[in-house]
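Hi,

Here is the structure I promised to pass on. My notes follow below it, for you to read with the model open.

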Amino acid sequence: MPFCISHRKYLRQLYAAPCFVLLVACVVEPTTSDAQSLQTLPANTTPAKVAPAVPIAEHLDAQPVRTFEQWRADFRKQALAAGIEPDLFDRVFADISPDMNVLRADRSQPEFSRPVWEYLDGALSELRVRRGQVLLSQYADTLTAIEQRYGVDRRAVVAFWGLESNFGSFQGNKSVIRSLATLGYEGRRERFANEQLLAALQILQQGDITPEKMLGSWAGAMGQTQFIPTTYNTLAVDFDGDGRRDIWGTPADALASIAHYLQISGWRKDQPWGFEVELPDNFDYLLADGTVRKSVAEWRQLGVKLPNGASVAPGTDPLSAALLLPAGHRGPGFLVLDNFQAAVRYNNSSSYALAANLLSERFAGAGLIIRDWPKDEVPLKRSERMELQNLLSQNNFAVGNADGIIGTATRKAIRAAQLSFGWPADGYPTLQLLETLRNR
């Protein structure tokens with residue numbers, strides 16, 4: 001589908017997706033010290049034959065007061081009103097019951113988090129790089145056609161394919177219908193889960209896939225692209241022309257769908273995603289914030305040094321670059337451009353976006369990080385991040401709710417505390433900061 005058609009509508013739908021990205025990918029954003037590797041909990045995909053006779057709340061302290069049968073009856077009315085055929089609905093839901101493993105996955109919040117360098121080590125493994133290089137050659141003709149249609153570099157497309165599903169080999173083994181029905185019934189995410197479930201039924205009604213083959217993650221992310229159903233309906237592509245948008249079993253469709261997503265997200269052809277940069281002494285680390293965007297020329301005027309030969313094509317937005325310090329001021333720094341932001345829209349994690357773009361460069365023998373990571377820096381556990389938030393609030397550095405997520409408010413509070421101590425204000429949560437606040 002041409003980029004110009006219904007572009008704004010697509011963007012509205014696409015930008016609504018990040019609210020569910022945390023659910024889909026289990027990646028905490030925006031601090032990459034909290035980044036998790038992509039994983040799906042193992043589970044039996046065979047649905048139980050008998051639905052529970054009591055509300056799920058009695059099992060996992062959830063909210064529903066209806067039985068699953070009552071919820072299903074209510075949702076059936078909604079689905080039929082939206083045009084789903086009664087026979088299809090009844091056939092799909094004949095043996096569906098809540099999956100407790102889905103609720104456990106939805107409720108789980110890991111105490112420990114991997115530092116960004118460990119995340120990248122796994123994402124950029126030699127095995128993944130070599131496999132991607134083989135597939136670039138194997139699908140060269142298809143990727144050439146995809147580049148011509150969507151204007152997205154082939155190596156980038158294959159890199160996202162590799163991170164999302166290990167090039168199609170790991171797509172998740174759960175029934176998408178059962179997972180979404182469980183989330184919709186449980187109630188904590190009812191509105192969004194019901195929207196995704198309705199979209200999944202539309203996909204089945206279109207005939208693109210059968211219920212038995214509609215498998216994905218516990219959160220309903222599907223296929224080689226790990227699209228949620230509404231994203232599938234908007235952006236999935238039938239690239240091989242067989243009448244079905246098959247992101248599960250047809251690599252050409254999956255690769256083109258990834259390219260379409262990146263195109264709609266603002267990918268710029270022939271532009272770099274960013275550069276590893278060198279910062280001057282006494283740099284103002286308050287500028288290392290995603291909300292601060294300047295032209296590459298302006299960053300250079302501030303003393304930021306680009307690699308030799310680095311350049312940005314004419315016509316780029318003059319305020320298109322942000323400074324990323326994924327491990328704080330002691331680690332590598334990156335000047336990131338529009339293509340990095342497109343990657344963040346695919347998966348709302350700066351470490352994921354960094355991994356995807358570096359992987360695309362690794363396929364060509366580049367993408368190596370020069371500066372060392374601060375591996376002596378021990379990432380804070382979730383309980384420590386919550387303690388840090390509480391201590392910041394107690395010291396009049398407003399955080400809001402202490403939830404263990406280092407979001408915008410917490411980063412702002414950390415910067416304020418760092419400034420008060422005369423430290424570089426990079427907004428990065430450290431054990432040193434926690435201990436200083438403990439002893440204050």
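Searching the whole structure, which is a predicted model, turns up 16 salt bridges. One of them joins the side chains of Arg66 and Glu190, with 3.2 Å from N to O. This pair links distant parts of the chain: Arg66 is in the loop between α3 (57–60) and α4 (68–81), while Glu190 belongs to helix α12 (residues 190–206), 124 residues apart. Arg66 has a relative accessibility of 24% and so counts as partly exposed. Glu190 is partly exposed too, since its relative accessible area is 29%.

A second salt bridge brings together the side chains of Arg188 and Asp106, at 3.0 Å from N to O. Arg188 sits in the loop between α11 (176–186) and α12, and Asp106 in helix α6 (residues 100–107), so this pair ties together parts that are 82 residues apart in sequence.

Arg244 and Asp246 make another side-chain salt bridge, 3.8 Å from N to O. Arg244 is partly exposed, with a relative accessible area of 31%. Asp246, at 7%, falls under the 20% cut-off and is therefore buried.

Now to the aromatic residues. The search of the whole structure gives 20 aromatic pairs. One of these is Phe283 with Tyr285, an edge-to-face pair with 5.5 Å centre to centre and 80° between the planes. Phe283 and Tyr285 are both buried. There is also an aromatic cluster made up of Phe68, Trp71, Phe75, Phe89, Phe93 and Tyr185.

On the strands, you will find an open sheet of three, in the order β3-β5-β4, with antiparallel pairing. Its edge strands are β3 (274–277) and β4 (322–324), each of which pairs on one side only. Neighbouring strands in this sheet are turned against each other by 25° on average, ignoring direction. Between β4 and β5 (residues 333–336), which run antiparallel, there are three bridges. Leu323 has Leu335 in β5 as its bridge partner.

Another strand worth a look is β1 (residues 174–175), where Ser175 is placed. Leaving aside residues up to four places away in sequence, Ser175 touches Ile96, Met214 and Leu215. The C-alpha atoms of Ser175 and Gly220 are separated by 8.1 Å, although the two residues are 45 apart along the chain.

Last comes helix α19 (residues 408–420). With 13 residues at 1.5 Å a residue, α19 should span 18 Å, and this agrees with the 19 Å between its end C-alpha atoms. Which residues of α19 are buried? They are Thr410, Arg411, Ala413, Ile414, Arg415, Ala417 and Gln418. Among the elements that cover these buried residues are α18 (382–394) and α20 (431–439). Just after α19, Gly422 adopts a positive phi of about 75°.

Happy to talk any of this through.

Best wishes

Terms used: Residues are numbered from 1 along each chain as its sequence is written. This is a predicted model: local features need pLDDT of at least 70, side-chain atom pairs count only at pLDDT 80 or more; totals for chains, interfaces and linings use all residues. Side-chain values use heavy atoms; hydrogens and water are left out. Helices (H or I, at least four residues) and strands (E, at least two) are DSSP runs, numbered from the N terminus. The expected span of a helix is 1.5 Å times one less than its number of residues. Buried means under 20% relative accessible area, exposed over 50%, partly exposed in between (1.4 Å probe, protein chains only). Contact means heavy atoms within 4.5 Å. Two strands pair if DSSP finds at least two bridges between them. Axes are lines fitted to C-alpha atoms, for helices over the stretch in contact, and angles run from 0 to 180 degrees between N-to-C directions. Rings of Phe, Tyr and Trp (its six-membered ring) pair if their centres lie within 6.5 Å; planes under 30 degrees apart count as stacked, over 60 as edge-to-face and the rest as tilted. A salt bridge is a side-chain nitrogen of Lys or Arg within 4 Å of a carboxyl oxygen of Asp or Glu.
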